[in-house]
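Please open the model in a viewer and keep the selection panel at hand. The stops below proceed from individual residues to the whole chain.

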Amino acid sequence: MGRARLEEVLDTTIWDEWLTVVNKQRLHRRELARLEAQLYSRDVRPSRTADREQLTADLMELYELTVEAKLRTKKGYLYVPTRFLQGIRRAEDGGDPVQLVYRICRYQTDGFDVILTANRPDLTVESLVVDVEKPYHELFTDSTREISAKRLEQFPGGDDARY
């Protein structure tokens, strides 16, 4: 079909379709403007990816140091924190290491008890959480930091300034 004059398309199905398209365009422009305004009003925050990667590396180092320490369970078995290693591997594969730490800190674990018996607070996840020098310190919730600090108080000298 060639070009038509306006008088020829008024009150036709083409005219109705054209009005529908114009209305949809108007709605989409409003929605786009709303989304852009929402985006521009957000605070700019760094992704903290590097901090999460550092946390994962520190967790792996903690695992390795714990294995090297050759700690013993109450029954005299060599303590190897395999579930901890599995969690670290999940974090390395795209999981969130902050969530791993949160799950570990929620309850006092048998592994923590082994480390407590050996008097090695340096081998705890909680020691990473409370260390204000760590770049990921602010990624933890106040609750996780409080639980960790309180748990570390169980170690002899646990209320000193180290943690």
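Begin by selecting Val67, Leu78 and Val80, which together make a nonpolar surface patch of about 200 Å². A patch consists of residues with over 30% relative accessible area and no salt bridge; like charges are joined within 9 Å, and nonpolar side chains (Val, Leu, Ile, Met, Phe, Trp, Tyr) within 5 Å. Accessible areas come from the Shrake-Rupley method with a 1.4 Å probe, and for residues only the protein chains shown count as cover.

The model is predicted: local features need pLDDT of at least 70 and side-chain atom pairs count only at pLDDT 80 or more, whereas totals for chains, interfaces and linings use all residues. Residues are numbered from 1 along each chain as its sequence is written, and side-chain values use heavy atoms, with hydrogens and water left out.

Centre the view on Leu78, in the loop between helix H3 (49-68) and helix H4 (82-92). Helices (H or I, at least four residues) and strands (E, at least two) are DSSP runs, numbered from the N terminus. Leu78 counts as partly exposed because its relative accessibility is 43%; buried means under 20% relative accessible area, exposed over 50%, and partly exposed in between (1.4 Å probe, protein chains only).

Next, select Tyr63 in helix H3. Is Tyr63 buried or exposed? Tyr63 is buried, since its relative accessible area is 13%. Display its surroundings: leaving aside residues up to four places away in sequence, Tyr63 touches Val80, Pro81, Phe84, Leu85 and Ile88, where contact means heavy atoms within 4.5 Å.

**Salt bridges**

How many salt bridges does the structure hold? There are nine, each defined as a side-chain nitrogen of Lys or Arg within 4 Å of a carboxyl oxygen of Asp or Glu. Three of them may be visited in turn.

- Select Arg48 and Asp51, whose closest N and O atoms are 2.5 Å apart in a salt bridge. Arg48 is partly exposed at 23% relative accessible area, whereas Asp51 is buried at 16%.
- Select Arg89 and Glu92, joined by a salt bridge of 2.9 Å, N to O. These two residues are separated by about one helical turn, because they are three residues apart in helix H4. Arg89 is partly exposed at 41% relative accessibility, and Glu92 is partly exposed at 41%.
- Select Arg120 and Asp122, whose side chains meet in a salt bridge of 2.8 Å, N to O. Arg120 is partly exposed at 30% relative accessibility, and Asp122 is partly exposed at 35%.

**The whole chain**

Finally, clear the selection and colour by secondary structure. The chain has eight helices and zero strands, in the sequence order α-α-α-α-α-α-α-α. Its C-alpha trace spans about 95 × 30 × 25 Å along the principal axes. The radius of gyration is 29 Å, whereas a compact globule of 163 residues would have one near 15 Å; this quantity is taken over C-alpha atoms, and the globule rule is 2.2 Å times the number of residues to the power 0.38.

Switch to a surface display to conclude. The chain exposes about 11,800 Å², of which carbon and sulfur atoms supply 51%. Buried residues make up 30% of the 163 residues. Among contacts with a separation of 6 or more, 64% are between residues 24 or more positions apart.
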